[in-house]
Amino acid sequence: MAETEKPMSETFAYYAQLTVDGLAQGAIYALMAIGFAVIMGSLDLVTFTYGEVVMLGALAGGYYGVAVLGLGIWLSLLLGFAAAWLAGMLIDAICYRRWPGGPPEVWLITTIGISTVLKSGAQVLFSTEQEFVPDVMDGMWEMGDLRVLHIQVLIVGVLLFLSGALWLFLGRTRLGLQLRAVSMDKTAAALLGVRVQRVMTIGNAIGCALGGVAGALLGVYYNSVFAIMGGVAGIKAFAAAVFGGLTSIPGAALGGLLLGVLENLGVDLFSSGWRDIIGFGVMIIILLIKPSGLLGRKGAERI
Amino acid sequence: MSGERILETRELSVHFGGLKAVDKVDMEVLRGRIHGIIGPNGAGKTTLFNALTGFLRPTGGRILFKGMDIAGFPSHRAAELGLCRSFQNIKLFKTMTAIENVRVGFHHHLRTTLADAVFRTRRFREEERLTRARGRELLETMGLSQYADFKAAKLPYGTQRRLEIARALASNPELLLLDEPAAGMNPAETAELSACIRRISAGGRTIVVIEHDMRLIMEICDRITVLNQGLKICEGDAETVRRDPGVIRAYLGRSAG
Amino acid sequence: MISRLARLAREERAALLALLGAALLAFPLGFRENNYLLRIAINIFLYAILATSLNLINGYSGQFNIGQAGFYCVGAYTAAILATRHGVGIWLALPLCGLAASAASLLLGIPTARLKGIFLAMSTLGFSEIIRLIVLNGGEFTRGPMGIPGIPPASLWGWELRTNFHMYYLALALAALTVLVSANVLDSRIGRAWIAIREDELAARAMGIPTVRYKIYNLAFSTFWAGVAGCYYAFLSNFISADSFHLDEGFVILGMVLVGGLGSLAGPLIGAAILVVIPEIFRFLAEYRLILYGVAILITMHLRPQGICGGGVMDIGDAGGVRDGEDPPDSGAEPAAGGEGA
């Protein structure tokens, strides 16, 4: 850390740079957290396997899409989206459908089971090593001391595009409205003729697909994918989503951005080995201060 | 000892945001009596119970139990002080047997420590023997002897309600609070319950009971408090309550007024 | 089939236990030099301790901990540091490591005692990972990624317990101690309080149980045994590193408890035996070991959610064979014939 006796403006630029990098990273976390919030919050589905879905998106989009098939960024992201969507359908069939409305512990257990299968399966079938993903774009803009990579702009653009699309979907389409109805009250939705099971399946798939895109972005941004990246990804998605009380989509997005920035500043303070500790620490602290999320409302215990 | 106030609320309020679930309720329960609380649905009866037993923190007012202000005490302290309750929607320990359910009720009277349990010391053995024997007695009091070794979840509905009372009695409460003990019971079961409650009362305990079954309330209660929309609208013996125009209005709604 | 075995086990308990004990004591005499078999047996005992300790939480007090590997890690590192730098022997190290793990558990348990479900699960997971990362970044104290080598062998009255033959008996003794002490505590007002919390936390509080305090006791008691297991592991392998305490390790332990049956004493033992032995039988599947664990969890949840010796915890009702115990007189329920012939 060579930051002794730097002029004021340089120090400012230094932290501005950290913040910009943190925001780009945070945009990926935000996308992960939004997908997670769609699954967790709006569908009451307790899931533990989300991190592995992100990993599958990274393998499909980041590795096979970019590195192996050379599909280019857009098709690769689409591939990540599709692969994670399929994984979501599979998880729904194995882990959720059998126990509709069942005790959440069951879903927790089944998804722990399947995430072990997915992770170890990926290690065996794909690779236990970190695999390289080439740059899809290497340009940057420089503004004085501040540099912004094109890929960083792309990430934020993808986040904005997908959250806009999600917003339109939830607010303007029939299926989106059904999804929101199911999230508020499954029984009432069923009485109104909504096919609750089907809507939950699709909602879960959408959440997973968003995670898949986030995974592909992770692969592209860090130039690497590996089979065991899901564990950390899952915890970060949770940490970011818990900021909004798990259910709030804007809360999740904000939480993701904040987590990205905090991590980057934290790494500067300590060392890079502590990056993940910061994520976990933030999560536990939020859980302790206000388990319902800093932006969430508190649910009353029923007696 | 009879005649002394064992429980008193002074301007007790529980508000949820704008909703005044319980609003400035003054209530007195005399030692050794059976005190009824009635009121239409949503009158605030269960909320009042939850506040009395520490499951809700009152937003205002005082709860004096044997002269001590216990408002806002944690719920497990209520049992230690001698205030134990049953629940409107049965809350038994489902996979435990009936006798084990009752033995849990003795918890705060026991002194067994971790070391006692590990080394099976004399204290441990004596307390285990005692709770087993006293537990059987309590089951018998409530007419549950034959069910002692069955899992609680397997018991018929009315029996589960009586088991809840037996479990509450195990904590040896001076004041027993029963939340709709006759709900879902047929007339025969209700009659049996009524006899049970009288027996418990005869043993010197004070009982507060929330109930919708008017026959039961009028039959067993010495004194009745009527709540409506969070407010106390009447208090007195069965006859007073029966004749009170406010009570009649509350129960019959607009058609009477 | 399974329920018939379970009934037999209940009825002939003492005899079966004596038989099992004798068999376990005699087993190594025939295989003194067979390190492969002894190692498998040792692994079963080690995991039996870990699974029993986790079961005390997930099975009895009904909380959802998936980060037991973290406390196992605390025990192992405490042992390694005490043994290599302070010359502490295994007999003193065992209780100290247990206490160290319990102390660490307070850091998790006190703040999270009010959390439930996935919130609690994620906190335990995060905590486990934080412990591993701290070890990995601990500099001189933990030697970071290099791990701690050169842990001296255990010794007893000047006798070095170097062979697997000796370590087998130590593992057996520790596993037996864990189960015995746990059984004693569970069958007391403390254990009943834990079960009451699992069944209905509000009712438990109404009965005068300070539930928050009891959940913390429960976590501390459980993690004590995870720490003991960690200590044993350190002395067994002479070398430890943070790699052995990944989250996967926590899932393996959880899988054993689930397959064997939450909330029963025999469950974790049977689960540990099955999940240690199966990968050995299918050795050509060595790479797929963890996949096997995941599949075992899924199959259990689909076929018999309460596990092999279900303690009535995961009774979901729709999955057949769930009926346990007899129906009381005049309850109107049909006789419990389900699951008998199946």
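**View 1. Chain A meets chain C.** In this predicted model, 34 residues of chain A are in contact with 37 residues of chain C (contact: C-beta atoms, placed from the backbone, within 7 Å). Helix H4 (104-125), helix H9 (229-243) and helix H11 (275-289) of chain A each supply at least two residues of the side that touches chain C. Helices (H or I, at least four residues) and strands (E, at least two) are DSSP runs, numbered from the N terminus. H4(A) gives the largest share, 14 residues. Residues are numbered from 1 along each chain as its sequence is written, and chains are lettered from A in the order in which they are written. Local features need pLDDT of at least 70 and side-chain atom pairs pLDDT 80 or more, while totals for chains, interfaces and linings use all residues.

**View 2. An open sheet in chain B.** Four strands run in the order E2-E1-E4-E5, with antiparallel pairing (pairing: at least two DSSP bridges between two strands). Strand E2 (19-30) and strand E5 (68-69) of chain B each have a single partner strand, so one side of each lacks a neighbour in the sheet. Strand E4 (residues 60-65) of chain B pairs with E5(B) over 2 bridges. Phe65(B) has Met68(B), in E5(B), as its bridge partner.

**View 3. Chain B as a whole.** Chain B holds 10 helices and 10 strands. Its C-alpha atoms fill a box of roughly 70 × 40 × 35 Å, taken along the principal axes. Buried residues make up 48% of its 257 residues (buried: 20 or more other C-beta atoms within 10 Å of the residue's own, C-beta atoms being placed from the backbone).

Terms used: Contact = placed C-beta atoms within 7 Å. Buried ≥ 20, exposed ≤ 12 C-beta atoms within 10 Å, placed from the backbone.
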